[in-house]
Amino acid sequence: MIILGAGMAGCLAGVLDPKAIILEAAPEPTASHKAVLRFREDKISKVTGIPFRPVMVRKAIWLDGREVLPTPRVCNLYSQKVTGKILDRSIRSIEPVQRFVAPDDFHLQLAEQCKARIKYNSPVEAISKKHLRVGNGGIGLIERAKDESILSTMPMPTLMKLLGIQHREKFDFQPITVTRYKLPGADVFQTIYFPSPNDSVYRATMTGDDFIVESVREISAIDMAVVCEAFGIKQSSLVSVSENVQKYGKIAPIDDRMRKHMMFTASADFCVYSLGRFACWRNILLDDVYEDFFKIKRMINTTTHYDHKLEALA
């Protein structure tokens, strides 16, 4: 198997398939995911050998200077803030939930387990049934073995363009800015949503002593004052760590039938399977990526075209 992309989904797939080769466009390892990373279960911890910490996460919503409930109005404000559309988002429930927290360097630990098989500086420029054309790194034309499968983690619109699959879907996404701080002495797990359209911040999270602020644009001093008030902390106690922009921060869904049709066409006609949030263009957790990997393995091993289609469209 050839895996396209050494992001978190690609590296996880690489750990699950120790014979796979991973092609990555970036020249070196990068931890591209800077936002909050929590898991519903500890399956990935067990299979990778990377310890996760079980925690109880407390949630709240801050609007107009006070805590509020997730009414339809509040949820719609939040959804429009992060996607430009009225959709069902995680803000709908603020009940405490148990989660598993990975270490800060989780992505880099995954990459380390796959390092001998990751080919950096290797952007894929074309895909056909028989070949892959890879630029920059000097790999050039890769001849695909008969029925060799490719696992793509690249964004769906990028893959469709490479494969020449025609569609009329508009892939809406919004970049986000993730600003990280340390809060010395803290050891709690809390998330507060900020649905107000007047604030740039839409969510802030305390994970142990990590303080992670996610925003739809650059954070102002006024925005940070609001965030600190909501958490009941002093802004002067925060130690700045980093600020990063994620291009595909928030994605809006497309027609589900067309989404599945495009993925099925890629797998049936080119033996290219999509894995990950951006590749499948749906809001999922890494827990779901883990399950999807084994679903793809079943599809690859399916003997009939009919069964393959049933699995792909499920």
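1. Contact here means heavy atoms within 4.5 Å, and the model to which this is applied is a predicted one. On that basis, Met156, Met160 and Leu163 of helix 5 meet Arg259, Met262, Met263, Ala266 and Phe270 of helix 7. Sorted by residue class, the residues of this contact comprise seven nonpolar and one charged, with no polar residue among them.

2. As for the geometry of this pair, two packed helices are described by the angle between their axes and the distance between the axes. Helix 5, which covers residues 156–163, packs against helix 7, residues 256–270, at an angle of about 45°, and their axes lie 11 Å apart. The crossing of helix 5 and helix 7 is left-handed.

3. Helix 9 spans residues 286–301, and its 16 residues reach 23 Å from the first C-alpha to the last, which is close to the 22 Å expected at 1.5 Å a residue. The buried residues of helix 9 are Leu286, Asp287, Val289, Tyr290, Asp292, Phe293, Ile296 and Met299, a list that includes two Asp residues, Asp287 and Asp292.

4. Val55 has its place in strand 4, residues 53–63, and counts as buried because its relative accessibility is 6%, where the cut-off is under 20%. Leaving aside residues up to four places away in sequence, Val55 touches Val97, Gln98, Arg99, Val101 and Phe189. Val55 and Arg73, by comparison, are 18 residues apart in sequence and 30 Å apart in space, C-alpha to C-alpha.

Note on methods:
Residues are numbered from 1 along each chain as its sequence is written. This is a predicted model: local features need pLDDT of at least 70, side-chain atom pairs count only at pLDDT 80 or more; totals for chains, interfaces and linings use all residues. Side-chain values use heavy atoms; hydrogens and water are left out. Axes are lines fitted to C-alpha atoms, for helices over the stretch in contact, and angles run from 0 to 180 degrees between N-to-C directions. Helices (H or I, at least four residues) and strands (E, at least two) are DSSP runs, numbered from the N terminus. A crossing is left-handed if the near helix is turned anticlockwise from the far one by less than a right angle, and right-handed if clockwise. Ala, Val, Leu, Ile, Met, Phe, Trp, Tyr, Cys and Pro count as nonpolar, Asp, Glu, Lys and Arg as charged, and the others, Gly among them, as polar. The expected span of a helix is 1.5 Å times one less than its number of residues. Buried means under 20% relative accessible area, exposed over 50%, partly exposed in between (1.4 Å probe, protein chains only).
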